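Student: Could you show me how to read a metal site and then a helix in a model?
Tutor: Gladly; let's look together.

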Amino acid sequence: MLPVGHTRVSDGRRSVLVRLATEAAEFLLPQRCLVCGRFGGALHPQCVARLPAAEGARCQRCWRPGVGAWCGRCAASGPDAPAFDGLRTPFEFGGDARRAILEAKFRGVTALLPPLARAAAEVVPVEWGIEAVVPIPLARGRRRSRGYNQAEIAAVEVARRLGVPVRTIWLRRIRETPAQAGLAAEARGRNLRGAFEARRPDSLPARVLLVDDVTTTGATFEEAARALRLAGVSHVYALACARED
Ligand SMILES: [Zn+2]
Ligand SMILES: [Zn+2]
């Protein structure tokens with residue numbers, strides 16, 4: 001056991017200890033699959049294939065379900081259209097997909113992310129022509145207390161699959177936003193305004209893919225896309241493992 005009980009340990013340090021303990025446990029104990037419970041991996045490929053797929057008619061730009069090829073907002077191009085050029089997710093945020101994402105995000109089971117990210121990379125349309133992958137960043141304080149950024153772990157795997165570089169320094173979260181849950185779509189947008197700042201390196205590629213673990217209304221992607229556009233990226237796409245419809 002780690003001697004955390006008798007000494008006062010700062011939150012940041014505690015999270016490092018928790019992470020080390022989790023990693024040690026993952027290394028020492030044979031891993032069980034979240035879906036079938038059998039040994040041999042955090043999520044078997046055949047179990048990933050059984051997660052709730054984001055199927056049915058969806059808007060080809062923002063991925064909203066239950067609409068034809070384009071939803072009203074995306075069809076009306078101009079200032080009211082989403083700030084990103086396209087969004088995809090392989091899964092709905094339900095069932096075991098939801099469980100896997102929550103376990104990865106809040107309980108440190110980060111081994112669940114690469115299998116989900118591989119499935120996500122497969123639904124990226126070739127015609128998007130992605131040149132680089134940028135994870136949705138956490139603000140510094142939250143990153144420190146959690147010990148990792150789940151979006152970054154997913155982004156690394158997506159980039160590997162697509163054969164493009166992952167760039168974490170292009171986008172910074174300058175303030176952490178209050179919890180988005182329970183806010184209406186419009187309020188979420190307001191809540192996030194100015195949350196991101198894009199740095200302008202010497203050569204930004206024209207076509208960038210933002211990656212997050214999960215998306216709800218796409219408001220976080222929109223705000224991040226807005227920042228990248230201000231820095232000169234002409235096409236910004238978005239990819240998450242699941243969409244909460
Ligand atoms: Zn399994
Ligand atoms: Zn749409």
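**The zinc site and helix 4**

Tutor: The four donor atoms around the zinc ion (ligand 2) subtend angles of 103 to 117°, which makes the arrangement tetrahedral (four donors with all angles between 85 and 135 degrees). Ideal angles for four tetrahedral donors are 109.5 degrees. This is a predicted model, in which local features need pLDDT of at least 70, side-chain atom pairs count only at pLDDT 80 or more, and totals for chains, interfaces and linings use all residues. Residues are numbered from 1 along each chain as its sequence is written, and side-chain values use heavy atoms, without hydrogens and water.

Student: Which atoms coordinate the zinc ion (ligand 2)?

Tutor: Donors are N, O and S atoms within 2.8 Å of the metal (3.2 Å for Na, K and Ca), and water is not among the atoms, so sites may look incomplete. Here the SG atoms of Cys59, Cys62, Cys71 and Cys74 coordinate zinc at 2.3 Å, with the spacing C-x2-C-x8-C-x2-C along the chain.

Student: Which residues of helix 4 are buried?

Tutor: An α-helix has 3.6 residues a turn, so residues three or four places apart point the same way. Helices are DSSP runs (H or I, at least four residues). In helix 4, Ala97, Ala100, Ile101, Ala104 and Lys105 are buried (under 20% relative accessible area, with exposed over 50%, partly exposed in between, 1.4 Å probe, protein chains only). They cover an arc of only 125° around the axis, which puts them on the same side of helix 4; the arc is that of the directions from the helix axis to the C-beta atoms.

Student: What is exposed on the other side of helix 4?

Tutor: Gly95 and Phe106 are exposed there.

Conventions
Chains are lettered from A and ligands numbered from 1 in the order in which they are written. Helices (H or I, at least four residues) and strands (E, at least two) are DSSP runs, numbered from the N terminus. Four donors count as tetrahedral if all angles lie between 85 and 135 degrees; four count as square planar and six as octahedral if opposite donors are over 155 degrees apart and all others between 65 and 115; anything else is irregular.
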